[in-house]
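These notes are meant to be read beside the coordinates, and they take up the chain interfaces one after another. Please check each point against the structure as displayed.

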Amino acid sequence: MNVSQGVFILLSAVVLIGAAGVVLHRNLFRAALFLILSFVGVSGLYILLEAELLAMVQLLLYVGAIAILIVFAIMVSRQLMSPQFRDRNEQWVGGLLVAVVLFAVLAFILLQVNWPTAEAAVPEDAIAQLGQALVEGDQFVLPFEVASVLLMVALVGAVIIAREK
Amino acid sequence: MQVPLSWYLIVAAALFCIGLYGALSRRNAIGILMGVELMLNSVNINLLAFWRHIEVARGTLTGQVFAIIVITVAAAEAAVGLALIISAYRHRKTVDVEDMDLMKL
Amino acid sequence: MGFWNFVLNFWTELGAWVGNVLSGWGLPPWAVNLIADVLGVLVLVVIGVAAVLIFTPMERKVIARMQDRPGPNRVWPYGLLQAIPDAIKMLTKEDIVPEKADRQLHMLAPILVVIPSLLVYAVLPWGPRIIGQDLNVGVLYIVAISTIHILAVLIAAWGSDNKFALLSAFRVVNQLLAYEVPMILSILAVVLFTKTMSTQGIVEAQTLPYFLVMPIAGFVFLVCALAETNRSPNDLLEADSELVAGYMVEYSGMKFAMFFIAEYVNMFASAILLSTLFLGGYKFFGLENAAPVLTPFIVFGKASFVIFLMLWFRATFPRMRFDHLVGFSWKFLVPLSLVNLILAGIAVKIPVADPRWEPWVQGGVMAIASLVIIAATAWILNRTARKLEGAPALKRIVAAER
Amino acid sequence: MLSDYHFIGVFVLVAIAFPFLALGIAWLLRPKKPNPVKTAIYECGLETIGDAWVRFRAQYYIYALIFVAFDVEAVFLFPWAVAYHRVGLWALAEVFLFLGILTIGLVYAWRKGALRWQ
């Protein structure tokens, strides 16, 4: 039980409490704030995993872009926020059962397998290596270009849908 | 590695299941979308945990690149999904998934 | 020589001395590091908050001077300590929360608005080894942390349950989003030249200040820094003629002051960031090697020059209309910074035999190419303006709308 | 590498504590006398008309959409910019294609008038 395990437990507590808040809270705006709290907790987990570029990307994109879109959407559909609006459909018991059983099965399997982990230090120029991997011919250049096509298509589609005629 | 791999996987599995429950049990379309975002986040934790504990020794970077692509897809999905929700709200004045039943016979 | 050496690099000696004293008390090494970290953090927070006390009166004096009026001169000679009575007033004012408002969110927004502006100071460089923490994702850390400010604006508007606050929050968030993209693209052009994201590395790599190498990126970054801190000419937020106090309308007393503390701390941080990225940070024609003790003052000098520029803009430029403001970013700044990014990509790839001459050659080519691009954009703008002049007034307004 | 973030962790804790401290001092010093007139919502002195519902213009959402697309693009460009000196000139061609595809989206939004303020 050293320092980083303690920090890990703290951060995963923040993430799971945030996630529980998202799922259980009646007021949707508060649920969105819990969602942002769990995004920040996940960003802390990435720092613990020494993937610092991903931690900053997580903060920049999830907290800075996706969370703002969600808050905008909540602000649009505002009238329905009144507390009497029952925010749970009939089959929530089934959903709960499925989730708990899935978690039990996953946890059981994960503890059985011994993963081929290997102790290694993250290279100093990890970010430069990632940049090279994203652009190098024989590595990940195709996903790099396809990602921009995906973004363009998503942008055009969303603009068409969201525009008031 | 002070924090063993299985801890990360357990936390990711728990986050995935909470997100799954959120997606299954919510009536509000935006609540469902938030549940899906949580599930995508747990996938990312898994990818990076495997990258850190297995791939760093081998020097490959597939986990990190995969995680960035997952974040891109999550951003695109959130953008289009919320555009749909907003236009559905504008036409039918409801965000409640139960009422969006035009396709039902 | 010992004394002179001590004075010359005073700051690093001070750090070492504190370390020795702490370990002298027999504390375990992790405790020494922890206490040193806490002291470092407290020093940075004090610097950030002191910036508020320095720049509030400076702003009111400078703008007053530009509008040919004396400005605050009652407190102490020349009103230099005007910030102290302001602080006391803010501390003792009653805090009013609208009863229909959501109390927790109303409380959360001022807290969330200060946190990112303070956190940015962890990475700003004050000297060769005088920095909070030199992360190798430094610049990306600053951009990522400053997104929390946007959320604080939304929470403030939602928390105060006020029609005008919501309207103003939508506009301010759109302004912040619109001006964040060109800022990121101009930072990318700098990172291309410096090959590293760490702020310390950026300053080390700047043999030639990048404002001369790429004036376009410098101009774009200055405009975006103005927009990010809601300063005029795009201070849509507290535009008195339009939306009262914007999303801060339902705040009073210390909570209102928190928004202003955050604004000035942010303004000082982006001034330092601009001087780090474009004006050569703590470098001053080799002075930083001769007397490292002066480096924080060099950085402070450059930052206050940048802030003087911002105040000058506020006193002269009229406020831009919201759609022109956002259109200006998407239609002009983003394409301009994209072109600048591609240009930087080409310039960095110029093969130079002698590494010592590399920054000068590449910088020179980039500077010339930037001037060419500036001329081209000026010509395009004139052509469109002249095309619009011919049309009668109404058609011109409609054409301007398109 | 992990030790870099001890400082950031301490800074986060102090940065959170500072506003609480400031608001706490203010809470101690300030008078507390609420009355209905004071806590009514401020609308230039008039009574508020209708609840705080603002006709949300889709225009705000479209600007946020374009921001998300360019933000994600910037995330891809940061590692490329750091590793640019290690890859050849064709990397610039790839990024030129990457940016070109995305600016098609921006130009589309511009041409269709989505950027224009209704």
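1. How much area is buried between chain B and chain A, and what percentage of it do carbon and sulfur atoms give? In this predicted model, the area buried between the two chains is about 7100 Å², and carbon and sulfur atoms give 77% of that area. Within the part that chain B buries against chain A, B:Tyr21, B:Arg26 and B:Met34 supply 11%, which is more than any other three residues.

2. In terms of contacts, 71 residues of chain B meet 86 residues of chain A. Five pairs of chains are in contact, and of these it is chains A and B that share the most contacts. Chain B and chain C, by comparison, do not touch, their nearest C-alpha atoms being 15 Å apart.

3. Seven residue pairs are in polar contact across the interface of chain B and chain A, counting pairs with both residues at pLDDT 80 or more.

4. On the side of chain B that touches chain A, helix H1 (5–25), helix H2 (29–58) and helix H3 (62–92) of chain B each supply at least two residues. H3(B) gives the most to that side, with 22 residues. By class, the residues on the side of chain B that touches chain A are 50 nonpolar, 13 polar and eight charged.

5. The contact of H2(A) with H3(A) has 21 nonpolar and two polar residues, with no charged residues.

6. What does the interface of chain C and chain D bury? These two chains bury about 6600 Å² between them, with 79% of it on carbon and sulfur atoms, and the contact takes 76 residues from chain C and 65 residues from chain D. The residues of chain C that lose the most area to chain D are C:Lys163, C:Trp330 and C:Lys349, together 11% of what that side buries.

7. Between chain C and chain D the count is zero salt bridges, whereas three residue pairs are in polar contact, again with both residues at pLDDT 80 or more. Several helices of chain C give two or more residues to the side that touches chain D, including helix H3 (29–66), helix H8 (163–194) and helix H16 (322–348). H8(C) provides the largest share of that side, 16 residues. The residues of the side of chain C that touches chain D divide by class into 49 nonpolar, eight polar and 19 charged.

Definitions and conventions
Residues numbered from 1 in each chain as written. Chains lettered and ligands numbered in written order. Predicted model: local features only at pLDDT ≥ 70, side-chain atom pairs only at ≥ 80, totals over all residues. Heavy atoms only, no water. Contact = heavy atoms within 4.5 Å. Buried area = accessible area lost by both parts, 1.4 Å probe. Polar contact = N/O pair within 3.5 Å; in protein donor to acceptor, adjacent residues only side chain to side chain. Helix = DSSP H or I, 4+ residues; strand = E, 2+ residues; numbered from the N terminus. Nonpolar A, V, L, I, M, F, W, Y, C, P; charged D, E, K, R; others polar. Salt bridge = Lys/Arg side-chain N within 4 Å of Asp/Glu carboxyl O.
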